[in-house]
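User: I am new to this structure and would like to learn how to read it step by step. Could you guide me through the main features?

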Amino acid sequence: MKYLILMLLALAGWWLWRRLQGRPQAPSSCLPAGEEAMVACSHCGVYGPVSEMLTDGGGLHYCSEAHRCLGPGRC
Ligand SMILES: [Zn+2]
């Protein structure tokens, strides 16, 4: 019985240690490795990878040249 309690305490300690260790290791961004950030078109709101989106000078993203010309906001 004594060993069972000791084993449970060890398990609880290990579990607590794992929980405390896991927290700071969480990446600051929630993106998995190798996956690109998705941004929304400022005109129509369609999401696409940031590398495939067009940008204007103001840091806004657009899905196409047409939407870049039309600018932010819906028609
Ligand atoms: Zn668009």
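Analyst: Let us take one residue first, bearing in mind that this is a predicted model. With 11 C-beta neighbours inside 10 Å, A66 counts as exposed, because a residue with 12 or fewer such neighbours is placed in that class.

User: Where in the chain does A66 lie?

Analyst: A66 belongs to helix α2, which covers residues 65-70. A66 can also be located relative to H43, which is 23 residues away in sequence, while the two C-alpha atoms are 9.6 Å apart in space.

User: How many helices and strands does the protein chain have, and which pattern do they follow?

Analyst: The protein chain has two helices and four strands, and, read along the sequence, these elements follow the pattern α-β-β-β-β-α.

User: What share of the residues of the protein chain counts as buried?

Analyst: Of the 75 residues in the protein chain, 9% count as buried. As for contacts with a separation of 6 or more, 15% of them are accounted for by residues 24 or more positions apart.

Terms used. Residues numbered from 1 in each chain as written. Predicted model: local features only at pLDDT ≥ 70, side-chain atom pairs only at ≥ 80, totals over all residues. Buried ≥ 20, exposed ≤ 12 C-beta atoms within 10 Å, placed from the backbone. Contact = placed C-beta atoms within 7 Å.
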